[in-house]
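Here are my notes on the model you sent over. Have a look at it first, then read on.

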Amino acid sequence: MLSLINTLNLMLITMAFNASSWKSTVPIMIFGMVGIFIVIGVIILVTYGLNKIFSKNKKKDDDK
């Protein structure tokens, strides 16, 4: 267990915070996340549309 803690400490110490890499990686990350939200939105809209098209109108059936 002590070896694992020492290894993690060594990894954290040797990792460098490179601010210039953020300038190139953040726009890519934002583009990817926007793409994910667009795909989820399309899936929701398609599901909603298919539900409207193929669902039976149960209110009219209940009135009879």
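The points below go from the overall picture to the details.

1. Bear in mind that this is a predicted model, where local features need pLDDT of at least 70, side-chain atom pairs count only at pLDDT 80 or more, and totals for chains, interfaces and linings use all residues. Numbering starts from 1 along each chain as its sequence is written, and side-chain values use heavy atoms, with hydrogens and water left out.

2. The chain has three helices and zero strands, in the order α-α-α (DSSP runs: H or I of at least four residues for helices, E of at least two for strands, numbered from the N terminus).

3. On confidence, pLDDT (the predictor's score for each residue, from 0 to 100) averages 83 over the chain, and 77% of the residues score at least 70. Helix α2 (residues 19-54) has the highest mean, at 93, while helix α3 (residues 58-63) has the lowest, at 59.

4. What share of the 64 residues is buried? It's 0%, with buried meaning under 20% relative accessible area, exposed over 50% and partly exposed in between (1.4 Å probe, protein chains only).

5. α2 runs for 36 residues and spans 52 Å from first C-alpha to last, close to the 52 Å expected at 1.5 Å a residue (the expected span is 1.5 Å times one less than the number of residues).

6. Serine 55 sits in the loop between α2 and α3. Serine 55 counts as partly exposed because its relative accessibility is 41%.
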